[in-house]
Each structure stands twice: as structure tokens, then as C-alpha cells.
Amino acid sequence: MPLSAPDIKISTGIDTPRVDAQGFRSAMRIVATAVTVIATGEAGLRHGMTASAVCSLSDRPPMILACVNSNSTVLPHIRANGCFSANFLTETQSALAERFAGLTKVYGPDRFEAEIWGQLVTGAPVLHDALSVFDCRLECEYDSPTHTILIGRVEGMMHDPLARSLVYAGGHFSFPHHLAT
Ligand SMILES: Cc1cc2nc3c(=O)[nH]c(=O)nc-3n(C[C@H](O)[C@H](O)[C@H](O)COP(=O)(O)O)c2cc1C
């Protein structure tokens, strides 16, 4: 059973002087991020969403942090299942990122094509051809007014050392070619 931390006290609806929402978006939009699909649920009951607010928290123990909008349809399923996977995408998987962001108007279990998903330890769906996959048990969560911060303990893992990361920046999915070897 995941633990809930006390609510973080953050006021909403007020822009900090000189830091309005539009300026904030402009500044963040140009920052490159990796792209994941966060997923949970057994075959036929799978749910997943695209998320870039996902990162490593610690290696001892191995923990992943993921920030999920509190209105996301995926969140209640992660809570009910007590586990989720973080699937970091490769440069060839931008179509998956779009699908799991709802940009192709596909929702719920229909976002999953059975043949490209499997499972490791927790039962959460894992993407066969991803860059790096972290299969996590939900350890605890923290609520902010808009998002829930999930912390997962990594129980299973796989990665493809020859694949290259999908990157999102400036509203586009791309691989940064200056990183090519
Ligand atoms: C590149 C990209 C990154 C995203 N990152 C996040 C994120 O970190 N957290 C989040 O809650 N939503 C994020 N989203 C939005 C969700 O993918 C989107 O709202 C999705 O439709 C949620 O699934 P649902 O419609 O089933 O609730 C991102 C979208 C894109 C295109």
C-alpha cells in the first residue's frame, strides 16, 4: 500500500510578479527532455500516457520519480495496481509518444498494440523496443495542487545500449544530432 505524504502547501491561481504563465512556458518550451510512456495494468486493462517529467531519483535503492497530472485517467489505475513502468522512447518512437499523449484521439487500452508490449516483474506493461525500461513498484506519492509526484522502486529493468533517445524540445520530437557518434 503506497504511503501518502502530507499535502505540499502551494498557492494556486496567482502568477508570481514578473513570472507570468506565458513567459514560463516560453522559457520551458526550449528545454530538451527525454520522453517516456508511463504505463500500468494487465493485458486488456492497460493504461498509459506520455510523460517527460520523469527522472532518476536514486540508485541505492534504485528509484524513479514521475510527475502526473492529477486529472490524468492513468493515475487511478497506477494507484489501484500499485505499480507502473517508465518506458524511455527511442528516436524512432515519436508516433508512440503522440498516441500516448492523446494527440491521435486514441484512449485507454486502445493505445496499446499487444505485440510490442510485455511484462517483467510487477506486471506493468513494458515496451519491448524502448531505449530504457524501468518496472516500478509504487513506493509513495506526493500531491501538489495540479500534479501527483509518484516515486517508484525499480524491480525490473532492461535497455538497448545501441538505441538513441527520443528528445522533445520546442514543441517537436527529434533526436539531437550533435549527440550522434
Ligand atoms: C512531450 C509530452 C510530454 C508530456 N509530459 C507529461 C508529464 O510529464 N506529465 C503529465 O501529466 N502529462 C504530460 N503530458 C501530457 C499527457 O501525455 C496527456 O495529457 C495524456 O493525454 C494524458 O493521458 P489521458 O488523456 O489518458 O489522461 C505530456 C505530453 C507530451 C506531448
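**View 1. A34 meets V167 across a strand pair.** In this predicted model, A34 has V167 of β12 as its bridge partner. Two bridges link β2 with β12, which spans residues 167-169. The two strands pair in the antiparallel sense.

**View 2. An open sheet holds β2, β12 and β13.** Three strands make up this open sheet. Their order is β2-β12-β13, with antiparallel pairing. The edges are β2 (33-34) and β13 (172-174). Each of these edge strands pairs on one side only.

**View 3. β10 and β11 form a hairpin.** Three residues lie between the two strands. Strand β10 covers residues 132-143 and runs antiparallel to β11. Eleven bridges join β10 to β11. Look for F134, which stands opposite M157 of β11.

**View 4. β11 also pairs with β6.** Strand β11 takes in residues 147-159. Seven bridges connect β11 to β6, and the two run antiparallel.

**View 5. A shell of 15 residues surrounds the ligand.** The closest of the 15 are M49, A51, A53, N69 and G102. Two strands, β4 (47-51) and β6 (62-69), each contribute at least two residues to the shell around the ligand.

**View 6. The ligand shell has no charged residues.** Nine residues of the shell are nonpolar. Another six are polar.

Terms used
Residues numbered from 1 in each chain as written. Predicted model: local features only at pLDDT ≥ 70, side-chain atom pairs only at ≥ 80, totals over all residues. Near = placed C-beta within 6 Å. Helix = DSSP H or I, 4+ residues; strand = E, 2+ residues; numbered from the N terminus. Nonpolar A, V, L, I, M, F, W, Y, C, P; charged D, E, K, R; others polar. Pairing = 2+ DSSP bridges.
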